[in-house]
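Visitor: I have a model open and would like to go through it with you. Can we start with how the chain is divided up?

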Amino acid sequence: MNLEVLESKMSEENISLEEIESTLSYARNLKENGVPVIFDIQHLRRLLNLNKTDFKRIYYARQHQYNTIEIPKNNGKGTRTLSIPSLDLKYVQRWILDNILYKIEVSEYANGFVKGKSVVTNANYHVKQEYVLKMDIKDFFPTITAGRVFGLFMSIGYSSNVAIVLTNLCTYNNSIPQGAPTSPYISNLICRNLDLRLSLLCNKRNIKFSRYADDITISGGRKVKKTIPFIRKIINEEGFIVNQEKTKLLYKSGRQQVTGIVVNDKLSIAKEILRKLRQDIYYIKKFGLNSHLEKKNMINKSHVREYYYGMANYILMVDQNKGQKLFNELNKINWK
């Protein structure tokens, strides 16, 4: 947007100097933040290249633009609920992600949903440490409410009217939905202050910190154990709740596993993960996919293939030889 042209047009329309300066100040702030200037809902519609009818259908019926499904968890225990947006809403969310959210940097300690980072980079922080503390944020996405998302868009520089519209397009049932392309990056932006405070605490104590989505990992010497109450306090103050059942302090004498990767001496895949995937592939090839799904009570057949290939890709990131062999075996399966 050319601000000189905007100023000239507003002057021609005899708009007051005060209103002109207010509008230009708003636009300059957004441009300085590297995000598109959006004045109102109709301006956003034009930036999205949507006609009024299509935009109204997407925006005002957004609660009906989601399909809720259950998929198997990566650990094989239970299912995960996903709220998948329609193609039209996903297009809008993708535009918001690419043009607004990605323009804002996340913390260097965030390893999930960040380009160039992964479970491997997250685990790599904690190799060869005496103690490894694992903590999990309870109900991570549901805890990131529409109010918090609104505050995020306001902090970027958008007016309250625009921030409300962007929030409505990125939330479902008053929180960020697991399944929307915007949700993971929004969670990282919301956690910037959490990451900052935890990193300052850990750096002061000469211990290591990283976060992968809702998984927080601290590692180092004896100070790790004494730091636990302070970590809990910071997490609570930042509007999150620690899942006590998933809090674990792992010692060097036992197996230390971070985001599924063993970190005692080097990065490696746990033997039972490899054994389980190989076993499942064997049974699928021997008895057929449908028979295997029935025995495993995995109803959503269409997503099972994604699950197994995702597991193989996860192994590939740590061990290329083992991962490629598993890919080759999966390619031999008849998934129909």
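Guide: The domain assignment gives domain 1 (1-33), domain 2 (39-266) and domain 3 (270-332); such bounds come from an automatic or database domain assignment. This is a predicted model, in which local features need pLDDT of at least 70, side-chain atom pairs count only at pLDDT 80 or more, and totals for chains, interfaces and linings use all residues. Residues are numbered from 1 along each chain as its sequence is written, and side-chain values use heavy atoms, with hydrogens and water left out.

Visitor: How far apart are the C-alpha centres of domain 1 and domain 2?

Guide: The separation of those two centres is 35 Å. Eight residues from domain 1 and nine residues from domain 2 make the contact, where contact means heavy atoms within 4.5 Å.

Visitor: And the chain overall, how many helices and strands?

Guide: There are 16 helices and nine strands. Both are DSSP runs, numbered from the N terminus: helices are H or I with at least four residues, strands are E with at least two. The C-alpha atoms fill a box of roughly 75 × 55 × 30 Å along the principal axes.

Visitor: What share of the residues is buried?

Guide: Of the 336 residues in the protein chain, 47% count as buried. Buried means under 20% relative accessible area, exposed over 50%, and partly exposed in between, using a 1.4 Å probe and protein chains only.

Visitor: Which residues have the most contacts inside the largest nonpolar core?

Guide: Those are Ile96, Ile100, Phe153 and Tyr158, in a core of 70 residues. A nonpolar core here is a set of buried Ala, Val, Leu, Ile, Met, Phe, Trp, Tyr and Cys residues joined through side-chain atoms within 4.5 Å. Helix H9 (residues 160-170) gives the most to this core, six residues. Domain 1 (1-33) and domain 2 (39-266) both contribute residues, so the core lies between them.

Visitor: What does Ile100 touch?

Guide: Leaving out residues up to four places away in sequence, Ile100 touches Val35, Pro36, Ile38, Trp95, Phe153, Ile156, Tyr158 and Leu166. Another core lies apart from the largest one; it has 33 residues, among them Val258, Ile269, Leu274 and Leu330.

Visitor: Switching to sheets. What is the strand order in the open sheet of four strands?

Guide: The order is E4-E5-E3-E6, with antiparallel pairing. Two strands pair if DSSP finds at least two bridges between them. Strand E4 (208-212) and strand E6 (248-251) are at the edges with a single partner strand each, so one side of each has no neighbour in the sheet. Neighbouring strands are turned by 20° against each other on average, direction ignored.

Visitor: Which helix packs on that sheet?

Guide: Helix H11 (residues 192-204) does, touching E4 and strand E5 (215-220), and its direction makes about 160° with that of E4. Axes are lines fitted to C-alpha atoms, for helices over the stretch in contact, and angles run from 0 to 180 degrees between N-to-C directions.

Visitor: How many bridges join E3 to E6?

Guide: Four, with strand E3 (residues 131-136) running antiparallel to E6. Val132 has Leu250 as its bridge partner in E6.

Visitor: One last thing, what is the order in the open sheet of three strands?

Guide: That order is E7-E8-E9, with antiparallel pairing. Strand E7 (257-258) and strand E9 (268-269) are the edge strands, each pairing on one side only. Strand E8 (residues 261-262) and E9 pair over two bridges, and Val262 has Ser268 as its bridge partner in E9.
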